[in-house]
Amino acid sequence: MKNILYILVILLVAVTISAGTYALVENNSASVETTNASGEMSARQGGQHEGGEHGASFAGGMMGVLSLLAKVAGITAIVVLLEKAFALFQKPQVSQLTG
Amino acid sequence: MTVKTKTNLVLDIAIFIAFLVAANPRLTGNTIHEWLSLSFAAAIVAHLLFHWKWLVKMTTSYFKNFFHRSRLHYVVDMFFFVAMTVVMFSGLMISKDILALLGIQLDISRTWKSIHSLSADASMILLGVHFALHWTWIVNSVKLYIVDPILGMSRKPAAKPFPVLQVSQEK
């Protein structure tokens, strides 16, 4: 029972974020549509051209997975190294205080 | 909710693999991409439930110890959740299969597509930071539950000798 309540809370937060995003986007895109009607036409045509994304390619997809993995690993490595560098800078201060 | 580290690790690895696959629609095709992403949302909810106590503790006592490291975790996780929610929602707005199944037809706008790809990029960056902030836990858990058992299997000699069959010879 408790878990259902927790799930509802999480979903409520998610719905709030989604509603906020929707309000922001629709308000902004509405003003664009009224000022530039031809822009909307080109957007729809662009959507039709990308119909090819329905198909799957294992080799291309695996390259994408590896590329994404490399990016995440790179970001993680940078942040971990930064943390270690900060820790190195902080350590002498601690030893000065205690020593 | 008390969940063992092992369960957490298994769920987190499953979520990460799902993220890698779902983030590459070229690998699966659009239909699986959409449905996998939808089930990915359920996995995120489960992940949050597993860390519910920590979430509530952080939310209620955020400003008590403002400069603690855990506050940075909280902020990063919060932005990560927002980014993931926006990815899911914008994905639904440009969905071709899920909404079609429900009988809903929306005009696919370029704005939603841009938001979808932008929030996906933000999620990827925040996932990297999320990993980095939990790096010690990840390394220790992977070592304890994956690396050590595998190494143990290859190194450990047979603990028990093979049982010797005793054949009784009746005269």
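In this predicted model, α3(B) and α5(B) form a left-handed crossing. The axes of the two helices come within 11 Å and cross at roughly 145°.

- On the side of α3(B), the contact is made by B:E34, B:S37, B:A41 and B:I44.
- On the side of α5(B), the residues that take part are B:M84, B:M88 and B:G91.
- By residue class, the contact of α3(B) with α5(B) consists of 4 nonpolar residues, 2 polar residues and 1 charged residue.

**The contact between chains A and B**

- Chain A contributes 34 residues to the contact, and chain B contributes 33 residues.
- On chain B, at least two residues of the side that touches chain A come from each of α1 (5–22), α2 (25–28), α3 (30–50), α5 (69–93) and α7 (110–133).
- Among these helices, α7(B) supplies the largest share of that side, with 11 residues.
- The side of chain B that touches chain A is made up of 22 nonpolar, 8 polar and 3 charged residues.

**Chain A**

- Chain A contains 3 helices and 0 strands, and its pattern along the sequence reads α-α-α.
- Chain A has 99 residues, of which 5% count as buried.

Technical notes
Residues numbered from 1 in each chain as written. Chains lettered and ligands numbered in written order. Predicted model: local features only at pLDDT ≥ 70, side-chain atom pairs only at ≥ 80, totals over all residues. Helix = DSSP H or I, 4+ residues; strand = E, 2+ residues; numbered from the N terminus. Buried ≥ 20, exposed ≤ 12 C-beta atoms within 10 Å, placed from the backbone. Contact = placed C-beta atoms within 7 Å. Nonpolar A, V, L, I, M, F, W, Y, C, P; charged D, E, K, R; others polar. Axes fitted to C-alpha atoms, helices over the stretch in contact; angles between N-to-C directions. Left-handed = near helix turned anticlockwise from the far one by under 90°.
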